[in-house]
Amino acid sequence: MSRKDNFIVVLVGVCGTGKSVVGEKVAKKLDIPFFDADALFNEQLIADKENTNTESSKWLPAIESLISEQFAKDGCVVSCSILKKEQRLQLAKNLDLNIDWVFMNGTYDEVNQRLDKGHSNNQTESSLESDFELLEIPKRALTVDITQPEQEIVDTILKYLARKYG
């Protein structure tokens, strides 16, 4: 990109789709920090999964705060398993920033094969099934196919940002 934008790029998808690896590489190319929200806010995420009352959510406000702080600096790339449409809309509304959503798209079998190859240490087959049951595919996101080579996915995201922001 020719000008310096404070990018907020959020990669979403189920665990094992490569959000963190791709996110780190995109952030490096954009020269901005990368954050794995699932790892950073794991305790809040677990509490929220156990508590179905979305009004007492701790995970989403933690992510909002992180993104807001980073936008004030240089922007950031964040990977997180925000699976519900309501959560994505709430995040976008509360932040009132231009968020570039990237959906890491893969089938259950594709993700499960990646997990079998050790691409994620904290995902079990039953939690993967649960993630796919909860998954609400974003309609307003750049959708990338996880079967594509990693560098091709990174290049696709960077080209998308370049076209959007010139």
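This is a predicted model: local features need pLDDT of at least 70, side-chain atom pairs count only at pLDDT 80 or more; totals for chains, interfaces and linings use all residues.
In helix 8, the residues Ile153, Val154, Ile157, Leu158, Leu161 and Tyr165 are buried (under 20% relative accessible area; exposed means over 50% and partly exposed in between, with a 1.4 Å probe and protein chains only). They share the same side of helix 8, because they cover an arc of only 130° around the axis (the arc being that of the directions from the helix axis to the C-beta atoms).

Residues are numbered from 1 along each chain as its sequence is written, and side-chain values use heavy atoms, with hydrogens and water left out.

Helix 8 takes in residues 150–165, 16 residues in total, and spans 23 Å from its first C-alpha to its last, close to the 22 Å expected at 1.5 Å a residue (the expected span is 1.5 Å times one less than the number of residues). Helices (H or I, at least four residues) and strands (E, at least two) are DSSP runs, numbered from the N terminus. Just after helix 8, Gly166 takes a positive phi of about 55°.

What lies over the buried residues of helix 8? The cover includes strand 1 (7–12), helix 1 (19–30), strand 4 (100–105) and strand 5 (142–145). Strand 4 is itself mostly covered, with five of its six residues buried. Strand 4 runs parallel to strand 1, and four bridges join the two (strands pair if DSSP finds at least two bridges between them); here Val10 stands opposite Trp101 in strand 4. Four bridges also join strand 4 to strand 5, again in parallel, and Met104 has Val144 of strand 5 as its bridge partner.

Met104 turns up again in the surroundings of Thr17. Thr17 sits in the loop between strand 1 and helix 1 and counts as buried because its relative accessibility is 1%. Leaving aside neighbours within four places in sequence, Thr17 is in contact with Met104, Val111, Arg114 and Ile146 (contact means heavy atoms within 4.5 Å). A polar atom of the Thr17 side chain also lies 3.0 Å from the backbone oxygen of Val14.

The structure holds two aromatic pairs (rings of Phe, Tyr and Trp, the last by its six-membered ring, with centres within 6.5 Å; planes under 30 degrees apart count as stacked, over 60 as edge-to-face and the rest as tilted). The rings of Phe7 and Tyr165 have centres 5.3 Å apart and planes at 75°, so this pair is edge-to-face. This pair links distant parts of the chain, Phe7 in strand 1 and Tyr165 in helix 8, 158 residues apart. Phe7 counts as buried at 5% relative accessibility, and Tyr165 counts as buried at 16%. The rings of Tyr108 and Phe132 have centres 5.7 Å apart and planes at 70°, so that pair is edge-to-face too. Tyr108 lies in helix 6 (residues 108–116) and Phe132 in helix 7 (residues 125–134), so the pair ties together parts that are 24 residues apart in sequence. Tyr108 is partly exposed, with a relative accessible area of 22%, and Phe132 is partly exposed at 22%.

Technical notes: A polar contact is a pair of N or O atoms within 3.5 Å; within protein, one must be able to donate a hydrogen and the other to accept it, and residues adjacent in sequence count only if both atoms are side-chain atoms.
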